[in-house]
Amino acid sequence: AGTEPGIQTVDDLRERLDYADFAHFIERWKWTNRFLGEESDFEEIAYQVLRDLSRQNVAYAELSYSPGDYVVRPSSAREKTAYVRDGCEKARAETGIRWGLKIDFCRADSPSECLRILDDLAPWVGGDLVGIDLGGGRQGDPVAPYVPVFEAARERGLHTVAHAGESAGPASVWAVVDELGVERIGHGVRACEDPDLVELLKERRLPLEVCVTSNVMTGVYPSLAAHPIRSLFEQGLAVTVNSDDPTMFHTTLSDEYLVLLRDLGFTPEDLKTLSMNGAEASFLPEVEKSGLRAKFEEEWRALGSERG
C-alpha cells in the first residue's frame, strides 16, 4: 500500500492478481518482480514460503526461483542465491522442513546467460542446488539453443526440468523430452491431446508437475471440470500435485489436494498415490527418498485409522 496506485488493501491486490489469459499472467508476474528491491527480500520470501509449507505438513520442498528475473542493486546470481539459502536454513532450523533449490531459467534468457549463471552458482552445486528448470511464457519456441545448458547442468550433477504443455501444446512436451532429456515436466497437461505422447510419458514414468488452479486461472482450461488431471491419473501417468506460484494463484498445496477431493472425484486413496508420486519424483538421493516414502506410508496409515 502507498507504493502502487489503486492498491491499498489485500482485496485490491487480489483483484490485480486475476488474469485474462496466460500472457496476462506473465505480464502480472513481471509487475510483481519490481517490488523486490533488496537482496534481503530474497531471504525473507524464502523463509516465509518454507514456513508456510511447513504449516501444511510438507516434509520436503524443491523451491524454484529465477535469479535473472529480478533487478536489485548490482548483485550476482550467487549473492541472491546466498540470501535465498539463508532464508531456507532459517525456516529449516525453526520447523524441520527439508528443502532444495532449482534455478528456473527463462526462455527470454540467452543460453550464454544461463551458462554464466550456472558458473556463478558453482558453490551450491552438489548441495543445496539440486536442479535447473526452463520456464517462461514462450513454450512454443525451439528448445535446441538450450541443449548446451542442460548438458552442462547434467555434467555438474544437476537434475533437469522444463515447463511445457501448458501455454503450448503437445509438441512442446515432445521437444523437452526428446531434445532436452528432462527428468520432470512442469505442467505437461496438454500431453492429453496426443495419445502417443501419453503412452511415452506413461512408459518412461516421467513425472508431470500438475497445477490445477493455475491452469484454470491462466485460461489453459476454462474450468476445473475441463481439466485433464483425472484422465491423466487414470491412464497411469506419474502425476504429482503442485501449487505453482501460491500467492499469484490464491492457493496452497493443501488447497490443491482439497480441489481434487471435493471437485474432481479423487478418493483419499488416490490422494495417497499422488503424494507418493511426489516423493518418488523428488530429486532426493535414493536413501533419503526411501525414508520420505516410509514417512508418507506411516502418515497415510494413521489417517486411515482416524477415518476408520
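1. The side chains of Arg156 and Asp119 meet in a salt bridge, with N to O at 2.4 Å; the term stands for a side-chain nitrogen of Lys or Arg within 4 Å of a carboxyl oxygen of Asp or Glu. Arg156 lies in the loop between helix H6 (147–155) and strand S4 (159–164) and Asp119 in helix H5 (residues 111–120), so the pair ties together parts 37 residues apart in sequence. Helices (H or I, at least four residues) and strands (E, at least two) are DSSP runs numbered from the N terminus.

2. This is a predicted model, in which local features need pLDDT of at least 70 and side-chain atom pairs count only at pLDDT 80 or more, while totals for chains, interfaces and linings use all residues. Residues are numbered from 1 along each chain as its sequence is written, and side-chain values use heavy atoms, leaving out hydrogens and water.

3. Arg156 is partly exposed at 33% relative accessibility, and Asp119 is partly exposed at 44%. Buried means under 20% relative accessible area, exposed over 50%, and partly exposed in between (1.4 Å probe, protein chains only).

4. Lys272 and Glu297 form a salt bridge, their closest N and O atoms being 2.9 Å apart. This pair links distant parts of the chain, 25 residues apart: Lys272 is in helix H12 (residues 268–281) and Glu297 in helix H13 (residues 286–307). Lys272 is buried at 19%, whereas Glu297 is partly exposed at 27%.

5. Within helix H10 (residues 229–234), Glu234 and Arg230 lie four residues apart, about one turn of the helix. Their closest N and O atoms are 2.8 Å apart, in a salt bridge. Glu234 is exposed at 55%; Arg230 is partly exposed at 22%.

6. Salt bridges also link Glu62, Arg184 and Glu209 in a network. The count by this rule comes to 19 salt bridges.
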